[in-house]
Amino acid sequence: MQQLNEMDIQPEMVNFIALSHMHSDHVGAAKEFKQATLLIQQPEFEAAFTNVADFPIFDFSVYKELENNKRQILNGDFDVFGDGSVKILNAPGHTPGHQVLLLRLKNYGPLLLSGDLYHFVKSRELKAIPIFNIDAAQTLESMEKIEGIITSEKASLWIEHNLALAKTLNLAPEFYD
Ligand SMILES: [Zn+2]
């Protein structure tokens with residue numbers, strides 16, 4: 001929230017929120033965006049909200065307020081603005097409805113944000129399945145799908161848990177466009 005404040009962005013100015021998945025370390029301050037529409041894959045919604053007792057890996061107390069948000073349930077890839085500039089790509093396996101984000105930025109170019117498809121550069125090299133993972137076969141399929149898109153889009157890949165990468169990026173209030 002402090003980073004958004006520094007950019008003069010108030011939570012009510014944000015129309016959509018989408019989380020790669022509902023693990024606690026990725027849900028962050030999402031509950032601050034009370035008026036935003038939550039874009040979430042159907043299997044993720046069911047696991048994290050409807051059947052959460054069956055998925056102890058999710059900590060409902062961290063994101064329970066999101067139950068009150070407007071939501072758009074997704075079943076697969078989704079072009080958020082209809083112009084290809086922001087695309088949610090269905091990449092299940094790490095969690096039932098894990099998703100990654102493809103941005104086509106004018107100046108920076110195509111950029112893919114990994115979610116937890118990979119935790120580290122090494123995980124990508126080794127196609128390593130994370131320890132906390134729902135479905136290994138699905139994770140491998142998702143890796144193959146997303147690698148294909150990275151290649152065809154000539155996209156940069158930012159692995160979000162890669163601290164060395166984060167240290168090289170222009171973090172908020174700096175930005176990429
Ligand atoms: Zn995770």
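Nine aromatic pairs are present in the structure, where rings of Phe, Tyr and Trp (its six-membered ring) count as paired if their centres lie within 6.5 Å, with planes under 30 degrees apart classed as stacked, over 60 as edge-to-face and the rest as tilted. The structure is a predicted model, in which local features need pLDDT of at least 70 and side-chain atom pairs count only at pLDDT 80 or more, while totals for chains, interfaces and linings use all residues. Residues are numbered from 1 along each chain as its sequence is written, and side-chain values use heavy atoms, with hydrogens and water left out.

A pair of aromatic rings is described by the distance of the centres and the angle of the planes. For Phe55 and Phe58, the ring centres are 6.2 Å apart and the planes stand at 45°, so this pair is tilted. Phe58 has a relative accessibility of 5% and therefore counts as buried (buried means under 20% relative accessible area, exposed over 50%, and partly exposed in between, with a 1.4 Å probe and protein chains only). The rings of Trp158 and Tyr176, with centres 5.0 Å apart and planes at 75°, form an edge-to-face pair. This pair links distant parts of the chain, 18 residues apart: Trp158 belongs to strand S8 (residues 156-158), and Tyr176 to the segment after helix H7 (163-166). Here helices (H or I, at least four residues) and strands (E, at least two) are DSSP runs numbered from the N terminus. Trp158 is buried at a relative accessible area of 14%, whereas Tyr176 is partly exposed at 24% relative accessibility. Ring pairs also join Phe45, Phe49, Phe60 and Tyr63 into a cluster.

Leaving aside neighbours within four places in sequence, Phe49 is in contact (heavy atoms within 4.5 Å) with Met22, Ile40, Glu44, Phe60, Tyr63, Leu66 and Glu67.

The largest nonpolar core holds 17 residues, of which Ile17, Leu19, Met22, Val27, Phe49, Tyr63 and Leu66 touch the most other members; such a core is a set of buried Ala, Val, Leu, Ile, Met, Phe, Trp, Tyr and Cys residues joined through side-chain atoms within 4.5 Å. S2 and H3 are the elements that give two or more residues to this core, and H3 supplies the largest share, four residues. A second, separate core of 14 residues includes Val100, Leu117, Ile146 and Ala155.

Five strands form an open sheet of mixed pairing in the order S4-S5-S6-S7-S8, two strands being paired if DSSP finds at least two bridges between them. Strand S4 (78-79) and S8 are the edge strands, each pairing on one side only. Strand S5 (residues 86-90) runs antiparallel to S6 over five bridges, with Asn90 opposite Gln99 in S6. Strand S6 (residues 99-105) is likewise antiparallel to strand S7 (residues 109-113), over five bridges; a hairpin of three residues joins S6 to S7, and Leu101 has Leu113 in S7 as its bridge partner. By contrast, S7 and S8 pair in the parallel sense over three bridges, Leu111 having Ser156 in S8 as its bridge partner.

The zinc ion is coordinated at 2.2 Å by His21 (NE2), His23 (ND1), His94 (NE2) and Asp116 (OD). Donors are N, O and S atoms within 2.8 Å of the metal (3.2 Å for Na, K and Ca), and sites may look incomplete because water is not among the atoms. The four donor atoms subtend angles of 88 to 171° around the zinc ion, which makes the arrangement irregular; four donors count as tetrahedral if all angles lie between 85 and 135 degrees, four count as square planar and six as octahedral if opposite donors are over 155 degrees apart and all others between 65 and 115, and anything else is irregular. The sequence spacing of the donor residues is H-x1-H-x70-H-x21-D. His21 lies in the loop between strand S1 (16-18) and H2, and His94 in the loop between S5 and S6, so the pair ties together parts that are 73 residues apart in sequence. Both His21 and His94 are buried.
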